[in-house]
Amino acid sequence: IDAFYTFKRERSPPQPVEALNAAAWRRQVSLIERTRPSSIDLSLQPLGDAGVSDLCRGLLSNVHLTELRLSSVGCGWAGAASVAEVAALGMRMRLLDLSRNHISDVGASHLARPIRSAKALASLSLSGCDIGETGAEALAAAMRGRPSGPLTRLDLSFNPRIHANAAASLRDAAAACRHLSSCDLAGAEAP
C-alpha cells in the first residue's frame, strides 16, 4: 500500500501524546505499522519525545518509508535519536523534516549518523532546531566522511547558535559533497 498518512486536525487545542489516551495512541501507531505508508506527515501534532519514540519503534520495520515529516511536534534530542535510528536503517527514506523542534546539538549529533550511512537520504531539514557549534560540526564531519553520499539538500536555517567557525566548516563540507546542491545556513553567523 502506497499511502500518505496524516492525522486530521481537531478543533480543540492539541494535547501532548502523554495526555492522550495511551490506548488510542497505540492504535494509531499500530495502524501505521500495518499499512506501511511510504509518506508520513505528523507535523504540528504535539507528539513530544515519547510520541516520536513510539512512532519510530513502529517504523523500524517499514522498508517502504520514503518521507517522514515531523515539523513542530515538540521533539527534543531523545526523539531525534529515535528518528536517526529509523533514518539510518531506512533503505528508501529520501526526505526527513524535523524543522522547528528543539533537538539541539545532541539531536544533531545523532542525525549525523544517517548522513554517513543512509542509502537514499536526499533532503534533511533541521531549520529552527536550536543547533549550535557542536551539532553543526558533527553534521559537517558526517558530510566530509561521505562526499559522494545521496544528500542533495540540507536546511540548517534559523539556527542562530551556529557561529562563524561552524558555518564555515559546514560550507567547506558542503562544497566537497558531489551531490549537495543546497546547504541553507540563513540565520547563522556570517564568517
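I began with Arg-36, which I found in the loop between helix 1 (22-35) and strand 2 (39-41). For these elements I took DSSP runs, numbered from the N terminus: helices are H or I with at least four residues, strands are E with at least two.

The model is predicted, so I note that local features need pLDDT of at least 70 and side-chain atom pairs count only at pLDDT 80 or more, while totals for chains, interfaces and linings use all residues. Residues are numbered from 1 along each chain as its sequence is written, and side-chain values use heavy atoms, with hydrogens and water left out.

I next looked up the backbone of Arg-36: phi is positive, about 45 degrees, although the residue is not a glycine. Arg-36 is partly exposed, with a relative accessible area of 31%; buried means under 20%, exposed over 50% and partly exposed in between, with a 1.4 Å probe and protein chains only.

I then turned to Leu-44, in the loop between strand 2 and helix 2 (48-59). Leu-44, again not a glycine, has a positive phi near 70 degrees. Leu-44 counts as exposed at 53% relative accessibility.

My last entry concerns Ser-82, placed in helix 3 (residues 77-89). Ser-82 counts as buried, at 17% relative accessibility. Its side chain joins that of Ser-53 in a polar contact of 3.0 Å (a pair of N or O atoms within 3.5 Å; within protein, one must be able to donate a hydrogen and the other to accept it, and residues adjacent in sequence count only if both atoms are side-chain atoms). Leaving aside neighbours within four places in sequence, I recorded Ser-53 and Cys-56 in contact with Ser-82, contact meaning heavy atoms within 4.5 Å.
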